[in-house]
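Let's walk through this structure together, starting with a pair of helices and moving on to the sheet and the core.

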Amino acid sequence: MDYSLQSRITGRPIYHDSELLQEIHLVKGNNERLVMEMNTGYHDAAEVRAYLKCITTQEIDASVTVSLPFYTDYGKHITFGKHIFINNNVLFVDLGGITIDDHVLIGPRASLITVNHLENPADRRGLFVKPVHIKRNAWIGAGATILPGVTVGENAIVAANATVTKDVPDNMIVAGTPAKVMRQIKLEKSSGNKSRR
């Protein structure tokens, strides 16, 4: 992640006529080219990870699986852990920073959004960003939307088509628009043959 840029944009407005926004759009344009190349034609898992390395400028662990098409508008503010599965047609609007911890599952058509436009109509084309963090072993359901500033807790489940506007506690299931806590997940030992590392 480009922490120098991150420190300049987090928690402050980015106005539409600022040099900073022009800098962001230059990076965004290059990222769009890479994303289009990645999503065109067939690429095996290793080739997808190679594209993601170019897009994010970070090493991508061999245990990470991202199904295509995958969309990101900025690209350089995504951090992937290990043993992650991302289904197809997922969108990361990542200028504000998206962190995906180990063992996270993200369903098809989910959207993780870190950018808002400014409320004042005269400045509406400007931006305000807040990071999104998906913690270890969380599951984001198909079509769910995670909005700026949200942390989804460890082991939590976000139901399909939910819109998450505030933090999700660890070990909870949330659903609806706006998402609300439905119940706590009962933690049990795995019934599978292999323990997770």
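At what angle do helix 2 and helix 3 pack, and how far apart are their axes? The angle is about 175°, and the axes lie 10 Å apart. Axes here are lines fitted to C-alpha atoms, for helices over the stretch in contact, with angles from 0 to 180 degrees between N-to-C directions. The two helices are therefore roughly antiparallel to each other, a label for angles over 145 degrees. Helix 2 makes the contact (heavy atoms within 4.5 Å) through Asn31, Leu34, Val35, Glu37 and Met38, and helix 3 through Val48, Tyr51, Leu52, Cys54 and Ile55.

A word on the model: it is predicted, so local features need pLDDT of at least 70 and side-chain atom pairs count only at pLDDT 80 or more, while totals for chains, interfaces and linings use all residues. Residues are numbered from 1 along each chain as its sequence is written, and side-chain values use heavy atoms, leaving out hydrogens and water.

Five strands form an open sheet in the order 2-5-8-13-16, with parallel pairing; strands pair if DSSP finds at least two bridges between them. Its edges are strand 2 (70–72) and strand 16 (163–164). Strand 5 pairs with strand 8 (residues 111–113) over 3 bridges, and Val93 stands opposite Ile113.

Finally, look at the largest nonpolar core, with 38 residues. Such a core joins buried Ala, Val, Leu, Ile, Met, Phe, Trp, Tyr and Cys residues through side-chain atoms within 4.5 Å, buried being under 20% relative accessible area (1.4 Å probe, protein chains only). Phe92, Ile100, Ile134, Ile146 and Val152 touch the most other members. Helix 3 supplies the largest share, 4 residues. Helices (H or I, at least four residues) and strands (E, at least two) are DSSP runs, numbered from the N terminus.

How values were computed. Buried means under 20% relative accessible area, exposed over 50%, partly exposed in between (1.4 Å probe, protein chains only). Angles under 35 degrees count as roughly parallel, over 145 as roughly antiparallel, 65 to 115 as roughly perpendicular and the rest as oblique.
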